Amino acid sequence: MGTPLHIREISYLICENLDRASLARLARTASAFKQPALDVLYCQKIDINVLIRCFPHSLLTMQQPVHHVFPVLLRDLEDEDVPRIMVYFERIKNLSLSECDDRSSWKILLEQLALKVPCFFPTVRNLWINTIASFPSDPSLNFAAELRAVSFDSSMNEVIEKWLTVMVNRCPKLRRIRFNSRSSLPCEVWSLFPLFENLVEVVVRCPLSDGLFEILGTCLVLDSLDFTGVGILNSRGIHIPSSSFPSLHRLMLPSIHSPQAVPSFAAGAFPQLQSITASEIPPIVAEQLLQAFSICAAQLVSFTADLAAFSTPDHFRSLFSQLNHWSRTLEKVHISAEDGDFIGDTWHFGHVCVPLLPLNRLKRLILWIGPGFSMSDQDTSEIGKHWKNLYEFRILLSCTSEARSSFQGLVEMASECVDLTIAVIPISYEQVPPLPKAAYNNNLRELSVGRAPIEDAVAVADFLKAAFPYLKTIGPDTVVPAPYDQRWHRVKELLADQRFPQNEIDEASDISDSDGEWFDWDGLENSDFE
């Protein structure tokens, strides 16, 4: 009978919770853990300079230029050296080609291996090129048959073009490309993108070039396009023709500060677009942007905007009115204006947000907006009537206790929205209703109440237990004045002591901010996403 350590799943579970040094020691000392430890170790992002330092000492010497220590080959590789090196190369999935000195040998090593083996780095799927200033003019990518994603962190445009030219022919499975650069890429580089038949995601972190949208619009299977963080889009007269971006589902736009810089779209562009994200744009630009997309993007499901500059209630009302064009498809609205300048004293929910009520498929509403905002029981009642499918509702704002919905308003809303799982809403707890005979909502797990003082912590906790039997998290989303914070702590303690019903507490679906399964470039430090 085998020990538990011989069970594959347990071995991998243990290894996934160890750091690199521990994984290396475990692989050397325990035969039962060698395979899982090496698999987990080589799934992490590995720098090629670090990898070469693991080579047999008979092949290397260490040289120290001004700032770094680099491994350097002592001699040219012999045929008998190749199997010893391939032991290290045959497992890597996430590889980083980092900056190296001109005397460093990793680029020379790759050139020599290309002449001796048909495919080195046969399992590499994700590649980070952190500098290419000293790369060979014609890089050999014999390892790239399984390459799925590449990230360029360089401003050497002419060498980027050479890499991409080689990848078009040798990387048939390449799906994702990211650029981090301080200079814009020429059209010659962008014109290579439609040649990648499986390209589904492009992330741009560099100034935009003229003609970029027109070129990328011809990529037949492109699914996600991310321009956040590239600065301000100032180009005027950008027009996206019909039949552009035939497969695009997610678009993350750069900052647009001027209405004149909003692109125009022909009918038939973006036929599959479902998610739009716009950051650091004035409300008037956001409104014009939605007008432009209403011509072509008929299937919009999610709209996210980070608003800047001056904002008034009428700005928001007008913006929300534009969203009515997608009343049959829109499921998520996320508007943030926490860094903007707010004008006016009246931010009543019924005035500002009533244009959103026709969105009868709405599932998630997240608003971070102005001071002086107010809600009433009539507002929560209207929410319950119109948004039957709502499962996440977050209103993060600042308001006085007189401008809040009551406890009864929350009850009416939660009773109608039976799928409601997360509620962040300003509530006044001045009067706690009597205990209900039956639960109002069996799905509510998280409730935040704004800056809401309470007098009787026990009465509030008893009501919450009866009304929302699966509630696990409760509390203010901001610091409440003493002594009310002590009473909220007491409510949390009483809720923590309750016994949840056994049949359903672990079956609640998780609420995620993502609009789908997208590639996590930064998360690959410790995981393999491909």
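The model is predicted, so local features need a pLDDT of at least 70 and side-chain atom pairs count only at pLDDT 80 or more, while totals for chains, interfaces and linings use all residues. Residues are numbered from 1 along each chain as its sequence is written, and side-chain values use heavy atoms, with hydrogens and water left out.

**The chain as a whole**

The secondary structure of the protein chain comes to 16 helices and 26 strands. Helices (H or I, at least four residues) and strands (E, at least two) are DSSP runs, numbered from the N terminus. Of the 530 residues, 50% count as buried. Buried means under 20% relative accessible area, exposed means over 50%, and partly exposed lies in between (1.4 Å probe, protein chains only). Among the contacts with a separation of 6 or more, 76% are between residues 24 or more positions apart. A contact means heavy atoms within 4.5 Å.

**A run of parallel strands**

Two strands pair if DSSP finds at least two bridges between them. Strand β1 (residues 45-47) is joined to β4 by three bridges, and the two run parallel. In this pairing K45 stands opposite N94 in β4. Strand β4 (residues 94-97) also pairs with β5 in the parallel sense, over four bridges. Here L95 stands opposite L127, and L97 stands opposite I129. On its other pairing listed here, β5 runs parallel to strand β6 (residues 149-153) over four bridges, with N126 opposite A149 in β6.

In a regular strand the side chains alternate between the two faces of the sheet. In β4, N94 and S96 are on one side and L95 and L97 on the other, and all are buried, which leaves both faces covered. Strand β5 (residues 126-129) has N126 and W128 pointing one way and L127 and I129 the other way, and all of these are buried too.

**Aromatic pairs**

The structure holds twelve aromatic pairs. Rings of Phe, Tyr and Trp (its six-membered ring) pair if their centres lie within 6.5 Å; planes under 30 degrees apart count as stacked, over 60 as edge-to-face and the rest as tilted. Two of the pairs are set out below.

| Pair | Centre to centre | Angle between planes | Kind |
|---|---|---|---|
| F152 and F179 | 5.4 Å | 15° | stacked |
| W190 and F193 | 5.0 Å | 40° | tilted |

F152 lies in strand β6 and F179 in strand β7 (residues 176-180), so their pair ties together parts that are 27 residues apart in sequence. F152 is buried, with a relative accessible area of 1%, and F179 is buried at 1% as well. Ring pairs link F152, F179, W190 and F193 into a cluster.

**The largest pocket**

Pockets are found on a 1 Å grid over the protein atoms alone: a pocket is an open set of points where a 1.4 Å probe fits, with protein on both sides within 12 Å along at least five of seven lines, and lining residues have an atom within 4 Å of a point. The largest pocket has a volume of about 500 Å³, where a volume is the space filled by probe spheres set on the points. It is lined by 17 residues, and the closest to its centre are A24, L38, L41, Y42 and C54. The elements that give two or more residues to this lining are α2 (20-29), α3 (31-43), α4 (48-52) and α5 (81-89).

By class, the lining has eleven nonpolar, one polar and five charged residues. Ala, Val, Leu, Ile, Met, Phe, Trp, Tyr, Cys and Pro count as nonpolar, Asp, Glu, Lys and Arg as charged, and the others, Gly among them, as polar.

**Two single residues**

T277 has its place in strand β13 (residues 275-281) and is buried, with a relative accessible area of 15%. Leaving aside neighbours within four places in sequence, T277 is in contact with L251, M252, L253 and T304.

K472 lies in the loop between α15 (457-467) and β26 (473-475). K472 is exposed, with a relative accessible area of 51%. The C-alpha atoms of K472 and L495 are separated by 7.0 Å, and these residues are 23 apart along the chain.
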